Amino acid sequence: MTRDLGYIIELNEAERIKDHMALTLNIWGLPTQFITQNHSTYEIEHPNLDKQFGAIYLAGKDLSTIRARNAVKYVEIRFFVAQLKNLNRYEEFSRLKQIYSSLITVKEDSILKFQFFELNEKLINQLLYDVHNALFTFKS
């Protein structure tokens, strides 16, 4: 099978990582769910928020393209800046942005995005651990 060079991560590997992220978030009380029908976005909810908190995203043009190519461009976990501010956790996530910017692609506009173009499980687990600390560590 010839693969588009932009689609570099095999779909089954990307889904395995997405499932790992989703399970981890669910254990913390942050449920994830597949909402959209044409995209590979899995929304992250927060019990103290009325709106969507974040998402796990398997990047590609649309779900049918991803399935046809059996690959994704990257795996992303994202958090809405407004929601981080509502939770008074934006500062902690800003620190994560600084730390991870030298290790992976990190972008911020109204959404803080951590993008993995390689599925480095150790780095993904470290980011999840740091996200947990940023969200749930008691602030004095």
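Strand 2 and strand 3 pair in the antiparallel sense over three bridges. Strands here are DSSP runs of E of at least two residues, and helices are runs of H or I of at least four, both numbered from the N terminus. Pairing requires that DSSP find at least two bridges between two strands. The model is predicted: local features need pLDDT of at least 70, side-chain atom pairs count only at pLDDT 80 or more, and totals for chains, interfaces and linings use all residues. Residues are numbered from 1 along each chain as its sequence is written, and side-chain values use heavy atoms, with hydrogens and water left out.

Thr-32 lies in strand 2. Its bridge partner in strand 3 is Ile-44. Thr-32 counts as buried because its relative accessibility is 19%; buried means under 20% relative accessible area, exposed over 50%, and partly exposed in between (1.4 Å probe, protein chains only). Beyond residues up to four places away in sequence, Thr-32 touches Ala-22, Leu-25, Asn-26, Glu-43, Ile-44 and Ile-56. Contact means heavy atoms within 4.5 Å.

Strand 3 also pairs with strand 4, in the antiparallel sense and over four bridges. Here Ile-44 has Gly-54 of strand 4 as its bridge partner. Thr-41 and Glu-43 point one way from strand 3, whereas Tyr-42 and Ile-44 point the other way. All four are buried.

These strands belong to an open sheet of six strands, in the order 2-3-4-6-8-7, with antiparallel pairing. Strand 2 (32-34) and strand 7 (105-108) are the edge strands, each pairing on one side only. The twist averages 20° from one strand to the next. Lys-107 stands opposite Lys-113 of strand 8.

Helix 1 (residues 11-27) packs on the sheet. Helix 1 touches strands 2, 3, 4, 6 and 8, and its direction makes about 165° with that of strand 4. Helix 5 (residues 121-136) lies across strand 6 and strand 8, at about 155° to strand 8. Axes are lines fitted to C-alpha atoms, for helices over the stretch in contact; angles run from 0 to 180 degrees between N-to-C directions.

The largest nonpolar core has 39 residues. Such a core is a set of buried Ala, Val, Leu, Ile, Met, Phe, Trp, Tyr and Cys residues joined through side-chain atoms within 4.5 Å. Helix 5 supplies the largest share of this core, seven residues. Phe-79 is one of the residues with the most contacts inside the core. Among the residues that Phe-79 touches are Ile-44, Phe-53, Phe-93, Phe-114 and Val-131.
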